[in-house]
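Hi,

Here is the structure I said I would pass on. Have a look at it first, and then read my notes below.

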Amino acid sequence: MDNKKMICLDLDNTLILSDKTHIEAYNRALNYFGYEKYDQHCLIKLFGRPKIEIANVLMPEKNLKEQKEFLKMHDKFLTTRTYKYAKKVKGVDFVLKKLKKHYIIAVVSNTVHESIIYLLKGSKLNPNYFDLVLGSDEVKNSKPCPDEILKAKKLLHHKPEYMVGDSIYDLIAAKKAKVNGIGVLTGHHSKKEMMMYKPVVVLKSIADLPKFLKIG
Ligand SMILES: [Mg+2]
């Protein structure tokens, strides 16, 4: 393990496709609090941001406590109902098998830990690929803050070589943690948007990662 390098991976829309999971969970939670469904395309644009910021956009007139209650309800619907809509990004098993031979792998996500476990279950992605899984509830500030990457570094005693993600918030977090950012286009941010945050490369999907790392 010691001669291995370390890599941090985002989960949603990097390893798994989970739009439907989150859209349904948010809309069910909105409904629970007496709100109308939120426009799907507007909702998708918020993905990747800290969840509390999303809650603030969806219900701006509510206070922080109520917004946190709303997010708890989102997680409840996710872990009981909507997790099953998550699907693996094509080729991800091949990529993770290759990566595991050369890298210690940490998943760093803005989803809470318990929901991550359900998302892995729903998408049938084997959790044993990962040496560490960190959710937003395990740090003070989630991405775009670097806390998750820095905590992974501390817990795994390795400096991450790369942070791979589909959103600009992954790349901002990478920059703040002084880690090389890699963008993937399986989410909702364009190459042009990502290039503003100086990733070392933007790949079409994580399936292209082994080739870029010269381990494929
Ligand atoms: Mg993501």
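How do the residues of the lining of the largest pocket divide into nonpolar, polar and charged? Before I get to that, please keep in mind that this is a predicted model.

So, the pocket. The lining splits into five nonpolar, six polar and six charged residues. That makes up a lining of 17 residues, and K51, I52, L71, V112 and S136 are the ones nearest the centre of the pocket. The space inside comes to about 420 Å³. The largest share is from α4, with five residues. The pocket lies between domain 1 (5-17 + 88-212) and domain 2 (19-84), because both of them give residues to its lining.

The other thing to look at is the magnesium ion. D10 (OD), D12 (O) and D166 (OD) coordinate the ion, at 2.1 to 2.2 Å. Along the chain, these donors follow the spacing D-x1-D-x153-D. D10 sits in the loop between β1 (5-9) and β2 (16-17), while D166 is in the loop between β6 (160-165) and α8 (168-176), so the pair ties together parts that are 156 residues apart in sequence.

Are those two buried or exposed? D10 is buried, with a relative accessible area of 6%, and D166 is buried too, also at 6%.

Cheers

How values were computed. Residues numbered from 1 in each chain as written. Predicted model: local features only at pLDDT ≥ 70, side-chain atom pairs only at ≥ 80, totals over all residues. Heavy atoms only, no water. Donors = N, O, S within 2.8 Å, 3.2 Å for Na, K, Ca; no water. Helix = DSSP H or I, 4+ residues; strand = E, 2+ residues; numbered from the N terminus. Buried < 20%, exposed > 50% of the residue type's maximum accessible area, 1.4 Å probe, protein only. 1 Å grid on protein atoms, 1.4 Å probe; cavity = no way out; pocket = protein on both sides within 12 Å on 5 of 7 lines; lining within 4 Å. Points joined across faces, edges and corners; volume = space filled by probe spheres on them. Nonpolar A, V, L, I, M, F, W, Y, C, P; charged D, E, K, R; others polar. Domains from an automatic or database assignment.
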